[in-house]
Amino acid sequence: MPLYEYYCEPCNGIFETIRQMREASEPVPCPECNRDAPRIMSSFAAFTFRDGYPRRLPDKGTYWHMGKEVKKRAKRMSWYDHPELTPPKAKPRPSKHDTTVQTERAAARGKDLRYRDRWGVDERGFRTVKAKKVKPAKKTITP
Ligand SMILES: [Zn+2]
């Protein structure tokens, strides 16, 4: 079902509601004053637009979208897609390919680190403490 805009004359404001297409031209009760508000037609836009945006309802910096008060207008004309009313989408699970690539990379890194540790070279190619030969302390035998 598409989203339509309606204009309430007593409030001088606009609100958005989702309706079936055949009911779209019928008036909808205003969320503020409950009086019937007619649908906005494209020719109407000429005087409802102010500062590039239609007047919101009520005029306190908020808009009405699907009977709920929101701070922004819906940008896309789909009711489920309002930035304030729809919870953010969960991240998609990583694919099997991605996880195998990750485990392979981790395994390769681990292998490399073990190799470097064995030869006393760190990841940047510097010698680690382990590689430095420690001179055996001279044994002094005291008679
Ligand atoms: Zn009203």
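## Exercises on a predicted model

**Exercise 1.** Determine the strand order of the open sheet and identify its edge strands.

*Solution.* Four strands form the open sheet, in the order β1-β2-β7-β8, and their pairing is mixed. The edge strands, β1 (3-8) and β8 (68-70), each pair on one side only. On average, neighbouring strands of this sheet are turned by 30° against each other, direction ignored.

**Exercise 2.** Describe how strand β2 is joined to strand β7.

*Solution.* Begin with the limits: β2 covers residues 13-18 and β7 covers residues 63-65. The two strands run parallel and are joined by two bridges. At the level of residues, Phe-15 stands opposite Trp-64 in β7.

**Exercise 3.** Compare the span of helix α2 with the expected value, and decide whether the helix lies in the open or is buried.

*Solution.* Helix α2 comprises 24 residues, 96-119. From first C-alpha to last it reaches 35 Å, close to the 34 Å expected at 1.5 Å a residue. A residue counts as buried if 20 or more other C-beta atoms lie within 10 Å of its own. Of the 24 residues of α2, the number buried is zero, so the helix lies largely in the open. Just after α2, Gly-120 adopts a positive phi of about 70°.

Conventions. Residues numbered from 1 in each chain as written. Predicted model: local features only at pLDDT ≥ 70, side-chain atom pairs only at ≥ 80, totals over all residues. Expected span 1.5 Å × (residues − 1). Buried ≥ 20, exposed ≤ 12 C-beta atoms within 10 Å, placed from the backbone. Pairing = 2+ DSSP bridges. Axes fitted to C-alpha atoms, helices over the stretch in contact; angles between N-to-C directions.
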